[in-house]
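Here is a quick tour of one model, strand by strand and helix by helix. Have a look at the fold first, then read on.

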Amino acid sequence: MKIEVQGQPYRYISENSNDCGNECAFLLTKQNEKYKEDAVSRGAHSIISPDECWKVFGLDRIRVIGITGTNGKTTTASAIYSLLLDLGHKAAMQGTRGFFMNDAPVEGKTLTTPTVLNTYRHMAQAIASGCEYFVMEVSSHAIEQERIAGITFALKILTNITQDHLDYHESIEEYTRIKNLFFQDESKKLINKDEGKAEFNFKNAFTYGVENPATYKIIAYSLNNGVSGVLKYFEDHVPFVSSLHGFFNLYNITAAMAAVHLVTDESLEKIADVVENFGGVSGRMEVVSESPLVIVDFAHTPDGMEQVLNALKEKEVLVVFGAGGDRDRKKRPLMGKVAVAYAKKVYVTSDNPRFEDPDAIIEDILAGIEDKSNVVVDVNRRSAIAQALKERSGDEVVLILGKGDETSQIIYDQHLPFDDRVVAKELLATL
């Protein structure tokens, strides 16, 4: 992909050396530096850095909010985006769900954090559409691979740090180091004060939390019929109400409110007034059926599962889940351990096995479960969901975890149509 630019001695910019010629500049990044000589041999007009590219696109005209963390990135980003729009600001959002501008989808799902040039292209589109703010999810892979190089952030946010992506980072210590690397400069940052693994540059740092003293501190809350609470900011005490469920969403909403307060001139009272307009994110604690109660969620880490299951601790839960193939194996037994600790009955099945043997993945999960008396194993995900729905009774809740709003199941390199929400509705219609 090459992008046309104006007012430069070259006509295009590309990250791909194959695109290069005397009219095209090569954007050199950590990911493509081994192709620099190829770009030169093809006659690239120039070799430019991300910092230079940022200036070429004139991206200082938009305020960038970046969110990283193991869990909560998508919900927090979506909440910030929603609050900004409801307050009358023009905004764009890039992340796991795709690219959106001014409440309209522009591009479908891609990497959580795309390549440098793709992100810059989205920012340029946002500016052309009059956007003041650009909200983006920042993955640990993107931090390590420097896919956020050159970006000037108006605010950086940390949600939490728990185990994930150890297939890539190899240890929780390295994963934690990479996450914290995002917060070592002097830019404005918003840190979850209740996250013990957070390490950050204190200059221009603000905090939020429920349990520990923080700049934005929840001093009272209720988890009945959604999430509501009172947010304290110095002498201000601001009540808010949200339709989202679960203790973890108390953090997501608090982070979103604090973020909007830090990057705009809006009062906390005005921000709190529009919180209830945010209905959540597709595939995150999404209610597929009210009666019986069937919920689909994206949780695919031990901590993510624990948060969702804990949000339903007053109910008896039947949980259906698996683990992704070609990903962190170490988290699989931990996921099994969490499931049996919280759920009345556990259905272990396939997620996205990719090139791994689905039965072997299930065995890794089962290794974390000592008492298997309330565990059902069914490698066929549709069949496992069907069994849970058939066996539930009374007020029991069926919770389907791992894939959220994904619309396919990845087996080998094929993306086969499969949407937990659609499958659950189809099966409910036959019961």
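Let's start with a strand pair: S5 (residues 63–68) and S10 run parallel, joined by 5 bridges. Strands here are DSSP runs of E with at least two residues, helices are runs of H or I with at least four, and both are numbered from the N terminus; two strands pair if DSSP finds at least two bridges between them. This is a predicted model, so to speak of local features a pLDDT of at least 70 is needed, side-chain atom pairs count only at pLDDT 80 or more, and totals for chains, interfaces and linings use all residues. Residues are numbered from 1 along each chain as its sequence is written, and side-chain values use heavy atoms, with hydrogens and water left out.

S10 has another parallel partner, S11. The table puts these pairings beside one from elsewhere in the chain.

| Strand pair | Sense | Bridges | Bridge partners |
|---|---|---|---|
| S5 and S10 | parallel | 5 bridges | Ile67 and Ile157 |
| S10 and S11 (residues 189–192) | parallel | 3 bridges | Leu158 and Ile191 |
| S19 (residues 345–348) and S20 | parallel | 3 bridges | Val348 and Val377 |

How many residues of S10 are buried? The count is 6 of the 6, so S10 (residues 153–158) is largely enclosed by the rest of the structure. Buried means under 20% relative accessible area, with a 1.4 Å probe and protein chains only. Helix H3 (residues 73–86) is mostly covered too, with 13 of its 14 residues buried. Just after H3 comes Gly88, with a positive phi of about 95°.

Now for the inside. The largest nonpolar core has 46 residues, and Ile65, Ile80, Leu190, Tyr216, Phe240 and Met257 have the most contacts inside it. Helix H8 (residues 247–263) gives the largest share of this core, 11 residues. A second, separate core of 39 residues includes Ile13, Trp54, Ala92 and Phe134. Such a core is a set of buried Ala, Val, Leu, Ile, Met, Phe, Trp, Tyr and Cys residues joined through side-chain atoms within 4.5 Å.

Further along sits an open sheet of 6 strands with mixed pairing, in the order S16-S17-S21-S18-S19-S20. S16 (286–289) and S20 (375–377) stand at the edges, each with a single partner strand, so one side of each has no neighbour in the sheet.

Finally, helices H11 (residues 331–342) and H12 (residues 358–366) pack at about 60°, their axes 6 Å apart. Arg332, Pro333 and Gly336 in H11 meet Ile361, Asp364 and Ile365 in H12.

Notes:
Buried means under 20% relative accessible area, exposed over 50%, partly exposed in between (1.4 Å probe, protein chains only). Axes are lines fitted to C-alpha atoms, for helices over the stretch in contact, and angles run from 0 to 180 degrees between N-to-C directions. Contact means heavy atoms within 4.5 Å.
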